Amino acid sequence: MSTVKCIGILTSGGDAPGMNAAIRAVTRSAIYNGIKVKGIYRGYKGLLLDEIEDFRTQNVSNIIQRGGTILKTARCTEFRTPEGRKQCYDKLMEHGIDALITIGGDGTLTGARIFAQEFNYPIVGLPGTIDNDLYGTDRTIGYDTALNTIMECVDKIRDTATSHDRLFFVEVMGRDAGFLALNGAIAAGAEAAIIPEISLEKDQLAEMIETGFRKSKNSSIVLVAESEVTGGAMGVAERVKKEYPQFDVRVSILGHLQRGGSPTAADRILATRMGVAAIDALLDDQRNVMIGIKNDEIVYVPFSKAIKNDKPLKPDLLNALRIASI
Ligand code: ATP
């Protein structure tokens, strides 16, 4: 039987739609199981600065439909140092918090892993990032909403692209992972996606143009993952202007609007299931794991596996985009 009597919950790193649904589920599931909850504002930074508040069920009322995170989020450089983490540990002890639930991406879970090992402290992580780049889970919280936002934006860009017979490069988020670009391209019926996973292997732009992607179409839309490896939409467009001057090229960078908005039903359900599972994991004496979802089943993924581990793209997605866009 678990000895956890009081948990702290925080969101950290980049915000993602559905984080609020996760905060709500964690809080209510903890209270349901007789565990006290403290909300920690602004991630590890707020822990350090003592921005901590008792949470009751009312604190999480009317938030499931809201994007962003009511707990706010921040980057915290101090947490990268042993001294900073010791200060955080002291704060947790001061507040009687005997386990942490952290919601965030790769960086957040990396910090959580180091902290958990250093102080032998129980932490359960939830994958909250629009990039879907954590290993061991089919989906991360926020990914579905961001994907839908991208699809809606590209639908609109298509109207103007077709009216002017233009080639549009639309930049989407995903520094190291092409999930948003690839699946966004499939969902929006775009012609191609330029993604970091493939950029190192081959010249996607040259291949796209050499295969005559414009033979049967007057306008084209290509999604580009923002990344040093792909060069981003601006980099790709500059290259086209030099190497293929016959194209009338435009760039659209979707930027932060991909992070905002009310979460989709899929993200709300995922966040709620994962939030409840996080408390179940603690009650089950699970430590230092991320909650994941695999084939629609909740799984516990050790931090060491979830982070810094490449999550492969499914080859059939690449194939589907290639064939559907002829
Ligand atoms: P996103 O995927 O949306 O960018 P993220 O969680 O990866 O989210 P980061 O800014 O990389 O966002 O990390 C969030 C915080 O986690 C950092 O500000 C820092 O406090 C902590 N963190 C990240 N990496 C480490 C590390 N190697 N050691 C200790 N703490 C870390």
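This section describes aromatic pairs, salt bridges, cysteines and a surface patch in a predicted model. In this predicted model, local features need pLDDT of at least 70 and side-chain atom pairs count only at pLDDT 80 or more, whereas totals for chains, interfaces and linings use all residues. Residues are numbered from 1 along each chain as its sequence is written, and side-chain values use heavy atoms, with hydrogens and water left out.

A pair of aromatic rings is described by the distance of the centres and the angle of the planes. Rings of Phe, Tyr and Trp (the six-membered ring for Trp) are paired if their centres lie within 6.5 Å; planes under 30 degrees apart count as stacked, over 60 as edge-to-face and the rest as tilted. By this rule the count comes to nine aromatic pairs. One of them is formed by Y44 and F79, whose ring centres are 3.7 Å apart and whose planes are at 0°, so the pair is stacked. This pair links distant parts of the chain, 35 residues apart: Y44 belongs to helix α2 (residues 43-48), and F79 to the loop between β3 (52-55) and α3 (82-94). Helices (H or I, at least four residues) and strands (E, at least two) are DSSP runs, numbered from the N terminus. Relative accessible area is used to class residues as buried (under 20%), exposed (over 50%) or partly exposed (in between), with a 1.4 Å probe and protein chains only. Y44 is buried, with a relative accessible area of 5%, and F79 is buried at 6%.

Y89 and Y121 make an edge-to-face pair, because their ring centres are 6.2 Å apart and their planes are at 85°. Y89 lies in helix α3 and Y121 in the loop between α4 (106-119) and β5 (123-127), so the pair ties together parts that are 32 residues apart in sequence. Y89 counts as partly exposed at 21% relative accessibility, while Y121 counts as buried at 4%. Both pairs fall within one aromatic cluster, formed by Y44, F79, Y89, F115, F119 and Y121. A charge is taken to sit over a ring if NZ of Lys or CZ of Arg is within 6 Å of the ring centre and within 35 degrees of the ring normal. K311 lies over the face of F179, at 5.3 Å from the ring centre.

A search of the whole structure finds 14 salt bridges, each defined as a side-chain nitrogen of Lys or Arg within 4 Å of a carboxyl oxygen of Asp or Glu. Among them, the side chains of E78 and K45 meet at 3.2 Å, N to O. This pair links distant parts of the chain, with E78 in the loop between β3 and α3 and K45 in helix α2, 33 residues apart. E78 is partly exposed, with a relative accessible area of 28%, and K45 counts as partly exposed at 24%.

R239 and E243 form a salt bridge at 3.0 Å, N to O. Being four residues apart in helix α9 (residues 232-243), R239 and E243 are separated by about one helical turn. R239 is partly exposed at 27% relative accessible area, and E243 is partly exposed at 44%. A salt bridge also joins the side chains of D248 and R250 (3.0 Å, N to O). D248 counts as partly exposed at 31% relative accessibility, and R250 is partly exposed at 33%. Salt bridges that share partners join D50, K91 and E94 into one network.

The structure holds zero disulfides, a disulfide being a pair of cysteine sulfur atoms within 2.5 Å. For C6, the nearest cysteine sulfur is that of C88, 16 Å away. C6 is buried, with a relative accessible area of 5%. C76 is likewise in no disulfide, and the nearest cysteine sulfur, that of C88, is 5.8 Å away. C76 is buried at 11% relative accessible area.

R66 lies in the loop between β3 and α3 and counts as partly exposed at 42% relative accessibility. R66 and G18 are 48 residues apart in sequence and 7.7 Å apart in space, C-alpha to C-alpha.

On the surface, M234, V251 and I253 form a nonpolar patch with about 250 Å² of accessible area together. Patches are made of residues with over 30% relative accessible area and no salt bridge, with like charges joined within 9 Å and nonpolar side chains (Val, Leu, Ile, Met, Phe, Trp, Tyr) within 5 Å. Accessible areas come from the Shrake-Rupley method with a 1.4 Å probe, and for residues only the protein chains shown count as cover. V251 is found in strand β9 (residues 249-253) and counts as partly exposed at 30% relative accessibility.
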